Amino acid sequence: MTYGTLNSRADRLARQLSALGVGPDIPVGLHLDPGFDMIIGLLGVLKAGGAYLPLVPGTAPDRLAYIVDQARVPHILSQANLPSGVATGGAQVHVLEQLLAKVAAGKTPTRTVRPDQLAYI
């Protein structure tokens with residue numbers, strides 16, 4: 001994957017996340033296998049101004065549910081090949097590939113972020 005492709009996908013994801021209400025101090029769970037999808041997710045969340053919360057696939061579902069509930073995560077990014085039993089409360093699970101398919105390439109959303117805002121949990 002080239003840097004340009006990685007950046008373009010992260011920008012597309014950031015626009016989708018911004019449309020979902022992700023912004024400063026809003027945590028987004030990343031339930032993704034290590035690889036390009038994880039990097040795209042991480043950069044997309046940061047470009048939207050949100051904070052990312054890594055959720056390791058293979059962790060016991062009860063443990064993941066506890067983490068999501070305690071962090072008050074409204075959105076979780078996952079992959080189609082992973083189990084979807086992660087969401088608790090009002091958290092919505094979004095398949096990364098589907099979010100990327102919904103939007104064409106474009107500019108990164110602009111957000112004003114401050115040093116005292118969350119970047120990750």
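**Briefing: an α/β chain and its cores**

Among contacts in this chain (heavy atoms within 4.5 Å) between residues at least 6 apart in sequence, 70% join residues at least 24 apart. This is a predicted model, in which local features need pLDDT of at least 70, side-chain atom pairs count only at pLDDT 80 or more, and totals for chains, interfaces and linings use all residues. Residues are numbered from 1 along each chain as its sequence is written, and side-chain values use heavy atoms, with hydrogens and water left out.

**Overall layout**
- You'll find four helices and four strands here, and along the sequence they run α-β-α-β-α-β-β-α. Helices (H or I, at least four residues) and strands (E, at least two) are DSSP runs, numbered from the N terminus.
- Of the 121 residues, 40% are buried, meaning under 20% relative accessible area with a 1.4 Å probe, protein chains only.
- The accessible surface comes to about 6,500 Å², with 56% of it on carbon and sulfur atoms; this is Shrake-Rupley with a 1.4 Å probe.

**Strands 1 and 2**
- Strand 1 (residues 27–31) pairs with strand 2 (residues 51–54) in the parallel sense over four bridges; pairing takes at least two DSSP bridges. Val28 has Tyr52 in strand 2 as its bridge partner.
- Between these strands the chain passes through helix 2 (residues 36–47), and the β-α-β crossover is right-handed. That is, with the strands pointing away from the viewer, the path from the first strand over the helix to the second runs clockwise.

**Helix 1**
- Its 17 residues reach 24 Å from first C-alpha to last, close to the 24 Å expected at 1.5 Å a residue (1.5 Å times one less than the number of residues).
- The buried residues of helix 1 pack against helix 2, strand 3 (75–78) and helix 4 (96–101).
- Asp11 sits in helix 1 (residues 3–19) and is buried, at 7% relative accessible area. Leu100 is 89 residues away from Asp11 in sequence, yet their C-alphas are 9.5 Å apart.
- Just after the helix, Gly21 takes a positive phi of about 100°.

**Nonpolar cores**
- A nonpolar core is a set of buried Ala, Val, Leu, Ile, Met, Phe, Trp, Tyr and Cys residues joined through side-chain atoms within 4.5 Å.
- The largest has 16 residues, and Leu13, Leu17, Leu30, Val45, Leu77 and Leu96 have the most contacts inside it. Helix 1, strand 1, helix 2 and helix 4 each give two or more residues to this core, and helix 1 has the largest share, four residues.
- Beyond its neighbours within four places in sequence, Leu13 touches Ile40, Gly41, Gly44, Leu77, Leu96, Leu99 and Leu100.
- Apart from that core lies another, of eight residues, including Leu53, Leu64, Ala71 and Val73.

Terms used
Buried means under 20% relative accessible area, exposed over 50%, partly exposed in between (1.4 Å probe, protein chains only).
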